[in-house]
Amino acid sequence: MNQHQPDEQGVPDEQGTGGGGTQRGTLWHEQRENVRAVWGQALGHEEFGDDESFFTVGGHSLLAARVVARINRAAPVRITVRDLFDHPTVGGLTDLLAARAAVGA
């Protein structure tokens, strides 16, 4: 396991009870990997954890706009640059994407 990635325990299942083996848990992990890949490409490195701020690992507002555009091309829901400022970690942004996907936003 990558030292920067959390294990799959405790990821909410469809009922929100924790147990990462459900479809929602799998989709969350896939989305997290997509977010990590986009960040890594934009930053030019993958030396960041899921709980580290995009802006403390080398990100800035211009890169934030690129990241949002790339995520929006791949994700089933849309985010804004403001969302990245409000949820500046891989985990936080993935949670936001999952929440929006769950309500169909």
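Helices and elements

In this report, helices (H or I, at least four residues) and strands (E, at least two) are DSSP runs, numbered from the N terminus. On that basis, the elements of the protein chain run α-α-α-α from the N terminus on, with four helices and zero strands. The structure is a predicted model, in which local features need pLDDT of at least 70, side-chain atom pairs count only at pLDDT 80 or more, and totals for chains, interfaces and linings use all residues. Residues are numbered from 1 along each chain as its sequence is written, and side-chain values use heavy atoms, with hydrogens and water left out.

Surface and burial

A residue is called buried under 20% relative accessible area, exposed over 50%, and partly exposed in between (1.4 Å probe, protein chains only). Of the 105 residues of the protein chain, 41% count as buried. The accessible surface of the chain comes to about 5,900 Å²; accessible areas come from the Shrake-Rupley method with a 1.4 Å probe, and for residues only the protein chains shown count as cover. Carbon and sulfur atoms account for 50% of that surface.

Contact means heavy atoms within 4.5 Å. Among contacts in the protein chain between residues at least 6 apart in sequence, 45% join residues at least 24 apart.

The aromatic cluster

Rings of Phe, Tyr and Trp (its six-membered ring) pair if their centres lie within 6.5 Å; planes under 30 degrees apart count as stacked, over 60 as edge-to-face and the rest as tilted. A search of the whole structure finds four aromatic pairs. One of them is the tilted pair of Trp 39 and Phe 48, at 5.6 Å centre to centre with 50° between the planes. Trp 39 counts as buried at 0% relative accessibility, and Phe 48 is likewise buried, with a relative accessible area of 0%.

Trp 39 also pairs with Phe 54, in an edge-to-face arrangement at 5.1 Å centre to centre and 65° between the planes. Because Trp 39 lies in helix 1 (residues 23–43) and Phe 54 in the loop between helix 1 and helix 2 (61–74), this pair ties together parts that are 15 residues apart in sequence. Phe 54 counts as buried at 0% relative accessibility. Ring pairs link Trp 39, Phe 48, Phe 54, Phe 55 and Phe 85 into a cluster.

The 14 residues of helix 2 should span 20 Å at 1.5 Å a residue, and the end C-alpha atoms of helix 2 are 20 Å apart, which agrees; the expected span is 1.5 Å times one less than the number of residues. The buried residues of helix 2 are Leu 63, Ala 64, Val 67, Val 68, Ile 71 and Asn 72. Ala 64 has a relative accessible area of 0%. Not counting residues up to four places away in sequence, Ala 64 touches Phe 54, Phe 55, Val 81, Leu 84 and Phe 85. The C-alpha atoms of Ala 64 and Asp 83 are separated by 9.9 Å, and the two residues are 19 apart along the chain.

Glu 52 is placed in the loop between helix 1 and helix 2 and is partly exposed, with a relative accessible area of 30%. Leaving aside residues up to four places away in sequence, Glu 52 touches Trp 39, Glu 47, Val 57, Pro 88, Thr 89 and Val 90. From Glu 52 to Gly 91, the separation is 39 residues in sequence and 8.8 Å in space, C-alpha to C-alpha.

Helix 4

Helix 4 (residues 90–103) has 14 residues and reaches 20 Å from its first C-alpha to its last, close to the 20 Å expected at 1.5 Å a residue. Its buried residues are Val 90, Gly 91, Gly 92, Leu 93, Thr 94, Leu 96 and Leu 97. Arg 100 also lies in helix 4, but counts as partly exposed at 22% relative accessibility. The C-alpha atoms of Arg 100 and Arg 78, 22 residues apart along the chain, are separated by 8.4 Å. Just after helix 4, Gly 104 takes a positive phi of about 75°.

The largest pocket

On a 1 Å grid over the protein atoms alone, a pocket is an open set of points where a 1.4 Å probe fits, with protein on both sides within 12 Å along at least five of seven lines; lining residues have an atom within 4 Å of a point. Grid points are joined across faces, edges and corners, and a volume is the space filled by probe spheres set on the points. The largest pocket has a volume of about 230 Å³. Of the 12 residues that line it, the closest to its centre are Leu 27, Trp 28, Gln 31, Ala 98 and Ala 101. Helix 1 and helix 4 are the elements that give two or more residues to this lining, and helix 1 gives the most, with six residues.
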